[in-house]
Amino acid sequence: MDFKGGFIKNLPKIYGLYTGGFAVFILIMAIAEQAGVSAKNIGVMFVAFTVLIYALIGYLSRTIQVDAYYVAGRQVPTVFNGMATAADWMSGASFVALAGGVYFGGYTYMAFLVGWTGGYVLVATLMAPYLRKFGCYTVPDFIGTRYGGNLVRACAVFVLFIASFTYVTAQINATGTIASRALGIPFEAGVWVGLISILICSMLGGMRAVTWTQVAQYIVLIIAYLIPVFWISNKVGGGVFPHLMLGDEVARLGELEQQFGLVKNSAADMKAAGVPGGLKYISGTHSGVPEGGMAVWKYLSLAICMMVGTASLPHILMRYFTTPSVRAARKSVAWSLFFIFLLYSSAPMLATLSKLALMDPNLPTGIIGKSISDVQSIEWVQRWSEVKQVFIADFNGDGILQLNEWFMRGDVVVLATPEVAGLPFVISGLVFAGGMAAAMSTADGLVLAISNALSHDIYYKIIDPKADTAKRLLVARVLLVIIGAAGAYIASFRLTSILGSVAWAFDFAMSGLFFPLVLGVWWKRATRQGAIAGIMAGIISGTVYLTWVFPKFSVPIWGGVNTPFLGIDHLRFGLIGAPICLVVMVVVSLMTKEPDAATQKMVDDTRIPTGKAILGKQH
Amino acid sequence: MSNKDAYWAKTKNHMIVTLVLWAFFSLVIFMFGTELNTMSFLGYPLAYYMTAQGSLLAFVVMLFWTANKQEKIDEEHGFSEREED
């Protein structure tokens, strides 16, 4: 296949064929299931087939050109870049855990939905078009050139590394979990299988390979998410188009919550009953808004952190370096959000349907309010109990399953609802393939963001500016393998729990990168010293606050558990880092000499879409 | 005022308008979650609807609108890129 101009023109045809091929594969699997092929083998075939396709795309996209490796040759069309960004963005956690989060957290949790979509408005208005015009290869490349100097460049790489690495171990962890469940291998082996799949997709072709595999992965993951949602909705009487028609179901959930009562279990009770770690029960309302100023602030502060963090995450910003023009970059952000919206708006619907399927005694799938011995004899309950994903504790000893006596892991909402609603197993196989696609695509983007920053900004720009193309690409690939292996190594020891939440990546990025990026374009007076001081003050103050507020760190470091300042807990520490970054950056900039005429002209040129890029095609 | 300055002034205003809309759909409406939830839309309580779908949809529409508007500003000032996407 020719991957030059002809390939770009034929993209709709190529991915159309690919989607058709995938549909045929689903049909073949459905027939195989009817013919008696075991559920386990169907799961294996789904994951193996899709991963092989991605690897093939990765191999076909191999390159020996620097701009193809770093920015896919800047020829990715708007809509396709939107799909690739959506896959880059939606992680294994989005795919598997988002609906579960809504299931347990209801309205309060959905601050994440607003945060993870609203951030794109900031990306489109403040960042993407200008960074595209600038012509940088990486995010630190912009900071290093705009402010001038190796120190500020290194500071930006430092923040990028902390934020992206926090994120990538969680993704490799998710890849391993899904690979191990689908292929029936141990978790540790699953992690390495996941890593090898990720590296095959990215190593030979860099950004170009990642782009075309991400588009393929988006198609798989969105099909795998939407088919079950629509199917389940029709099956449990939610209506043909759940997004518009679940009003009655949401109201019904409110009634059922009243009927069963929302009871909080005491920690001692749960411990005595032996509830496995990580399993949750419903104790809050689905659609109700919690009362009080603090509840409102908690919602808003979480949304702010996720939005500002989104606009600072390097692996997302670098996707907009690959479009052919500035205006394509702007449109591409809009398409990205459209493709993300398709999944994010479906997650609450899936959570509603799943909750109703389990809670409504009028539905054949309902289990709450039924006798515990009956529930325990249901096939899916047995299967998921064996792997400690669901759990029943009869606290009041009446033999009837109450709402607060049913525990499950959030992932189960996505992974098991097809089974609960009685869909054929082929759908569950499809869901595994979708989860794998989501985790792999994000891990790819992150590993590439880190290794590109190290190879371009640290190695080429600082250590060896005379390196030739072959040497630069070799270094880039070696670093890619090292970063991937380091992530997998940490993931395989299950050390991810000490790295905490995925939300931390957003807080780290917003603490150190948001204002240096925004002010780099929007404030000519911002100086190098200001940027260095701001980045370091932001990331350090944010991190110190995190150690102070997060009990696992605060006990050994600060000698006790601290009450969050103004409700700013460990999910929201960017609210400390980012304002400090802003203040320090502005004050230091005003105290130092204003940038020279050349820098001011650079900023002027960045602001208009036409004319030469600041950095050349090959740099 | 040079053409470039005029262009940037317009772009800046456009940015501010977009961010005001953004703040409205992401922050302002959720300050009144309890009140909004007493109203309903498509049968959903309104605050629930906005956080599950409405605001998300508003962001998508806003981004297409804002990109088109900015393209018009580009054209007015002769900064429109010729090559096509």
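Guide: Helices here are DSSP runs of H or I with at least four residues, strands are runs of E with at least two, and both are numbered from the N terminus. The model is predicted.

Visitor: Is Ala72(A) buried or exposed?
Guide: Ala72(A) also has a positive phi, near 50°, and is not a glycine. Its place is in the loop between α4 (66-71) and α5 (78-89) of chain A. The cut-off for burial is 20 or more other C-beta atoms within 10 Å. Ala72(A) has 25 such atoms, so it is buried.

Visitor: How far apart in space are Pro12(A) and Leu474(A), C-alpha to C-alpha?
Guide: Pro12(A) is in helix α2 (residues 11-34) of chain A. With 11 other C-beta atoms within 10 Å, Pro12(A) is exposed. In sequence, Pro12(A) and Leu474(A) are 462 residues apart, and in space their C-alpha atoms are separated by 32 Å.

Visitor: Which element gives the most to the largest nonpolar core?
Guide: The largest nonpolar core has 240 residues, and those with the most contacts inside it are Leu221(A), Met436(A) and Leu63(B). With 20 residues, the element that gives the most to this core is α22(A).

Visitor: Which residues is Met436(A) in contact with, leaving aside its neighbours within four places in sequence?
Guide: Met436(A) is one of the residues by which α22(A) touches α3(A), and Val47(A), Thr50(A) and Val51(A) are among those on the α3(A) side. Beyond its neighbours within four places in sequence, the contacts of Met436(A) are Val47(A), Thr50(A), Val51(A), Thr175(A), Ile178(A), Ala179(A) and Ala182(A).

Visitor: At what angle do α3(A) and α22(A) pack?
Guide: The crossing of α3(A) and α22(A) is right-handed. Their contact divides into 14 nonpolar, three polar and no charged residues. The axes of α3 (residues 39-60) of chain A and α22(A) are 8 Å apart, and the packing angle is about 35°.

Visitor: How many charged residues has the contact of α22(A) with α23(A)?
Guide: The crossing of these two helices, α22(A) and α23(A), is right-handed. The residues in contact include Leu448(A) and Tyr459(A) of α22(A), and Arg472(A) and Leu479(A) of α23(A). By class, the contact of α22(A) with α23(A) has eleven nonpolar residues, five polar and, among the charged, one.

Visitor: Which element gives the most to the side of chain B that touches chain A?
Guide: In this pairing, 40 residues of chain B are in contact with 46 residues of chain A. The elements giving two or more residues to that side of chain B are α1 (3-31), α2 (33-36), β2 (44-45) and α3 (46-76) of chain B. By class, the side has 23 nonpolar, eleven polar and six charged residues. With 18 residues, the element that gives the most is α3(B).

Key
Residues are numbered from 1 along each chain as its sequence is written. Chains are lettered from A and ligands numbered from 1 in the order in which they are written. This is a predicted model: local features need pLDDT of at least 70, side-chain atom pairs count only at pLDDT 80 or more; totals for chains, interfaces and linings use all residues. Two residues are in contact if their C-beta atoms, placed from the backbone, lie within 7 Å. Ala, Val, Leu, Ile, Met, Phe, Trp, Tyr, Cys and Pro count as nonpolar, Asp, Glu, Lys and Arg as charged, and the others, Gly among them, as polar. A crossing is left-handed if the near helix is turned anticlockwise from the far one by less than a right angle, and right-handed if clockwise. A residue is buried if 20 or more other C-beta atoms lie within 10 Å of its own, exposed if 12 or fewer, and partly exposed in between; C-beta atoms are placed from the backbone. A nonpolar core is a set of buried Ala, Val, Leu, Ile, Met, Phe, Trp, Tyr and Cys residues joined through C-beta atoms within 7 Å. Axes are lines fitted to C-alpha atoms, for helices over the stretch in contact, and angles run from 0 to 180 degrees between N-to-C directions.
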